[in-house]
Amino acid sequence: MNTSINQVADEPAVESRDDSNKIKILEKKYIFPFILVASLFPLWGFANDITNPLVKAFKDIFLISNAQSSLVQFAFYLGYGVMAIPAAIFIRKFSYKAGILLGLALYAVGASLFIPASMFAEFGFFLAALWILTCGLALLETTANPYVLSMGHPDTSTQRLNLAQAFNPIGSLTGMFIASSYILGELKVEEFRAAEKASNPEYSNMLPSVVDGKLTQALQDFSINSPAEHQAMQAADLLTVRGPYVAIALVVAVLFFVFLFSKLPRTISHDHPLTKKELKDTFARLLANKCYLEGVLAQAFYVGAQIMCWTFVIHYGMTSVGLTAAEAQQYNMVAMGIFLVSRFVCTFLLGFFRPGQLLMILAAGGFAFTLGTIFIGGMTGLYCLIATSACMSLMFPTIYGIALKGMGDDASLASAGLVMAIVGGALMPPMQGALIDGSELISGLPSVQTSFVLPLICFVVICAYGFRAHNKYKV
């Protein structure tokens, strides 16, 4: 990193300590850049959580299976897998600011493409728009996370990243609120389901999963018997879906110009240009770093667990409890509120626990709550599913901080592997959707409950990484 401009993340600083000789989380000279970069964190929180409910919404709008509708998450998180390494190379060659600007531009373009996608009423067009949007998110995350880590002493880097990540749930809660109030609550297809339920009082004596199947069949029949009316309903719902994406495109465009005209410190050293040899040597160092490689794997499983728990809470609420989509999304908002509070609490606890130790404890808690989600069911099972958010709040930035600690100039490329690991959110939701579409894994339990065996496995992997980070890597 450029020591002539900013202090390197690996270099201890005398000025970074107060009178008590305690290292500061954030030095005065980094306060404005930190606030500016932290303002990016709500952007991907918003995109993630306004998109999660689209899995259920598109299932009913386009009359497709759970596995097919889960391609929303596949397209959304595939952008991270495709763009992460090119983004890191771009940032290393130019600057963190250049990465932010390109990321914001792609974000705005992808969100704007919801306009033609809704006009053509093609599911594939929405997937393409989401993919472009998340190519921008990949650039932003590949940039913002290591940039925040570099803004001060390495011993406080994990706390600093947790602090910045604490702003992420603000965007998530906003996305969830808009999804619940202005998308799910306004869909004509939900009005159709409610009308069908009201006209069939016998449904009140049936299991929620059975009722959900009957309502889906009624939608199928309606599309066949009244195609013109169904197309009009579909067009209205797609118009409803696109509105928030157009709005966020405008917000992101404004932020683009704010960053364009703002001065940000350069914390990447360009004393050693990124030649092919340097790139090869960097990858060789990363491949030899077991703590880093295991961190990439743990991050993939964490993102998979998070996206599955937050995406299928709507399915769980509708089929295991009997809630409407909008009501189930309200519980998702509660989960995000818990996540937000827990993020600040866990940032505080990191002052008393080592990161690996706290990661291990919370992953074990996530495992226990997921067992309740699978085997208890009903409202109690839904509460258990919501409670996993308290355990997950620490995981992403802590895994990130553990894996990148002491990386120096390698951090920008190493960050790409951890951002690329977000592709776990692309691969695992379609697998869970297929489990929901399939037969019961455990006799007597609805498939939507038993499908949470996948997040259960994810928490085991994360717990194992926390154990190794604490005991073997001493982090």
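The largest cavity in this predicted model is lined by 19 residues, and Trp-44, Asn-48, Asn-168, Gln-306 and Phe-396 sit nearest its centre. A cavity here is a set of points, on a 1 Å grid over the protein atoms alone, where a 1.4 Å probe fits but cannot get out, and a lining residue has an atom within 4 Å of a point. The space inside the largest cavity comes to about 200 Å³, where a volume is the space filled by probe spheres set on the points, with grid points joined across faces, edges and corners. Counting cavities of 30 Å³ or more gives 2.

A word on the ground rules: numbering starts from 1 along each chain as its sequence is written, and side-chain values use heavy atoms, leaving out hydrogens and water. Since this is a predicted model, local features need pLDDT of at least 70 and side-chain atom pairs count only at pLDDT 80 or more, while totals for chains, interfaces and linings use all residues.

Helix 15 gives the largest share, 5 residues. Sorted by class, the lining has 10 nonpolar, 6 polar and 3 charged residues; Ala, Val, Leu, Ile, Met, Phe, Trp, Tyr, Cys and Pro count as nonpolar, Asp, Glu, Lys and Arg as charged, and the others, Gly among them, as polar.

The protein is assigned domain 1 (25-262) and domain 2 (273-474), with bounds from an automatic or database domain assignment. Each of these domains puts at least three residues into the lining of the largest cavity. The C-alpha centres of domain 1 and domain 2 are 18 Å apart, and 51 residues of domain 1 are in contact (heavy atoms within 4.5 Å) with 61 residues of domain 2.

Then there is the largest nonpolar core, with 145 residues, where Phe-58 and Tyr-107 have the most contacts inside it. Such a core is a set of buried Ala, Val, Leu, Ile, Met, Phe, Trp, Tyr and Cys residues joined through side-chain atoms within 4.5 Å. Helix 8 (residues 123-149) supplies the largest share of this core, 15 residues.

Finally, Ser-157 belongs to helix 9 (residues 157-165). Ser-157 counts as buried because its relative accessibility is 6%, and buried means under 20% relative accessible area (1.4 Å probe, protein chains only), with exposed over 50% and partly exposed in between.

How values were computed. On a 1 Å grid over the protein atoms alone, a cavity is a set of points where a 1.4 Å probe fits but cannot get out, and a pocket is an open set with protein on both sides within 12 Å along at least five of seven lines; lining residues have an atom within 4 Å of a point. Helices (H or I, at least four residues) and strands (E, at least two) are DSSP runs, numbered from the N terminus.
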